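Subject: Handing over the two-chain structure

Hi there,

Here is the structure I promised to pass on to you. Please open it alongside this email, and take your time with it.

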Amino acid sequence: MEGVNISTHPEVPGEPTHTTTALLETATATIQGFGPVNKIHQHLCAFHFYGHDMTRQVEAHHLCGHQNEEVRQCLIYDSPDADARLIGLEYIVSEELFLTLPDEEKRMWHSHEYEVKSGVLFMPGMPGPIQRQDLEKVCKTYGKVIHFWQVDKGDNLPLGLPHVMMALTRDGQLYENIAHDVEKRFGISFDKERENRAYMTGPAHGIHPLANGGGKGLKTVLREVDCKPVDSVPRVFV
Amino acid sequence: QDFLQCAVYDSDDPSARLIGVEYIVSSRVFDALPPEEQKLWHSHAYEIESGLWVNPRVPEMILTTELKDLAQTYGKFWCSWQVDRGDKLPLGAPALMMSPQEVNIGMVKPELVHKRDDKYKISTENLKNVRMGTAVPESINPRADLWKQTGKGFAIDIEQTEMKLRAPFP
């Protein structure tokens, strides 16, 4: 069985950017600061699958920045190209911080040990030894991924509800054709990198049993709620 | 020209927290969406008209055409880190956000606006005057900002389920 290859994606609807818009954006880009975005210093490529469906797998390009030594936040795109779609977010925390999370929260987070040690999580274009310096840390962390755009379904817009995604946790889960396609496009070999990463160790306390959905699937459900009563907001707006 | 994707942060400092993602579409794209999808979106006209929406540090003059276009757009904003709740880490399910509107529960707390104005040295009052009448959309699709009509919003729950597998998990 093959995984869906989404490298030929349907177009996002709309006209190409007007020259006037592009010029304005060039102007504003020189005036404004992009502080938070400038903190992004790393590009990681990995695979996610839907929290309720392992058979739907997505190539995920993470652009990551450190909040501090123990917390990273990543924008997730479906490709490394300029026209890539922003499909989700990931937060990455140290094992210590993960352990402070309430139990129900832990389920939404996944471990990184397998992805790192198997080689499937990698930094495109970076030499092995440099990658490994950071990845040995990532190996011990946990991540929380939410996707907003089901590109694997062929959606040309971010329709529907967000999904909590999960990550690979053992051999046999990742579709061979998706793996080979990525290896070919980035000129790498997961198996070779696996050998180089054999020395790495995962979380000191082992992979927490509640992580990775606690072994169960997770789905998102929409619920209608009453808006809070009017009195909670001042009536007079300045 | 019809689609924007935005990473949303809680401030413009380098230390800012990534709190969500907003997608913005033109009315042409929005009007073609099914109603089930439209109910998750909000309109932008009021925010722009009232000066709640600003592009920090960009001279208002060069923004006029852009704001006219943006006033006709609709947004879908998922918040993944509820910093206003004091959360030190991104907890819980993503939350659907809505935009300020000209009805009581759609109003923004004045303190928040003052704080913003002080930081960027702007006056929301001035902006309102400058923008008056310049960024009015032809119409606003009533299927956006649905809460204004129904008095009900949407929350997301994360529920356990059987995962469809192709190999053992975890």
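Below is what I found in it, starting with the ground rules and then moving through each chain.

This is a predicted model, in which local features need pLDDT of at least 70 and side-chain atom pairs count only at pLDDT 80 or more, while totals for chains, interfaces and linings use all residues. Residues are numbered from 1 along each chain as its sequence is written, chains are lettered from A and ligands numbered from 1 in the order in which they are written, and side-chain values use heavy atoms, with hydrogens and water left out.

**Chain A as a whole**

Chain A holds 8 helices and 8 strands; these are DSSP runs numbered from the N terminus, with helices being H or I of at least four residues and strands being E of at least two. Its C-alpha atoms fill a box of roughly 65 × 45 × 40 Å along the principal axes. Of the 238 residues in chain A, 52% are buried (buried is under 20% relative accessible area, exposed is over 50%, and partly exposed is in between, with a 1.4 Å probe and protein chains only). Taking contacts in chain A between residues at least 6 apart in sequence, 68% join residues at least 24 apart; contact here means heavy atoms within 4.5 Å. Chain A exposes about 10,900 Å², and carbon and sulfur atoms supply 54% of that area (Shrake-Rupley method, 1.4 Å probe; for residues, only the protein chains shown count as cover).

**Strand S6 of chain A**

Which strands run antiparallel to S6(A)? Strand S4(A), residues 86-93, is joined to S6(A) by 6 bridges in the antiparallel sense, and strand S5(A), residues 109-111, is joined to S6(A) by 3 bridges, also antiparallel. (Two strands pair if DSSP finds at least two bridges between them.) Tyr142(A) is the bridge partner of Val93(A) and also of Ser111(A). S6(A) pairs with strand S7(A), residues 163-167, too, in the antiparallel sense over 3 bridges; there, Met165(A) is the bridge partner of Val145(A).

The loop between S6 and S7 of chain A contains Gln150(A). With 8% relative accessibility, Gln150(A) counts as buried. Setting aside neighbours within four places in sequence, Gln150(A) is in contact with Tyr50(A), Arg56(A), Asp155(A), Leu159(A) and His163(A).

His61(A) sits in strand S2(A), residues 53-68. Is His61(A) buried or exposed? At 1% relative accessibility, it counts as buried. The side chains of His61(A) and Glu59(A) are joined by a polar contact of 2.7 Å (a pair of N or O atoms within 3.5 Å; within protein, one must be able to donate a hydrogen and the other to accept it, and residues adjacent in sequence count only if both atoms are side-chain atoms). Not counting residues up to four places away in sequence, His61(A) touches several others, including His43(A), Cys45(A), Tyr77(A), Arg185(A) and Phe186(A).

Helix H6(A), residues 128-138, has Gly128(A), Gln131(A), Arg132(A), Asp134(A), Leu135(A) and Val138(A) as its buried residues. These pack against strands S1 (42-50) and S3 (71-77) and helices H5 (113-118) and H8 (190-196) of chain A.

**Chain B**

Chain B has 7 helices and 6 strands, and from the N terminus on they run β-β-α-α-β-α-α-β-β-α-α-α-β. The C-alpha atoms of chain B fill a box of roughly 60 × 40 × 30 Å along the principal axes, and 48% of its 170 residues are buried.

Some backbone details in chain B are worth a look:

- Phe169(B) and Pro170(B) are joined by a cis peptide bond, with omega about -5°; Pro170(B) is in the segment after strand S6 (152-161) of chain B.
- Arg57(B), a residue other than glycine, has a positive phi near 75°. It is found in the loop between helices H3 (45-49) and H4 (60-70) of chain B, and is exposed, with a relative accessible area of 52%.
- Asp145(B) has a positive phi of about 50° although it is not a glycine. It lies in the loop between helices H6 (124-131) and H7 (147-150) of chain B, and is buried, with a relative accessible area of 3%.
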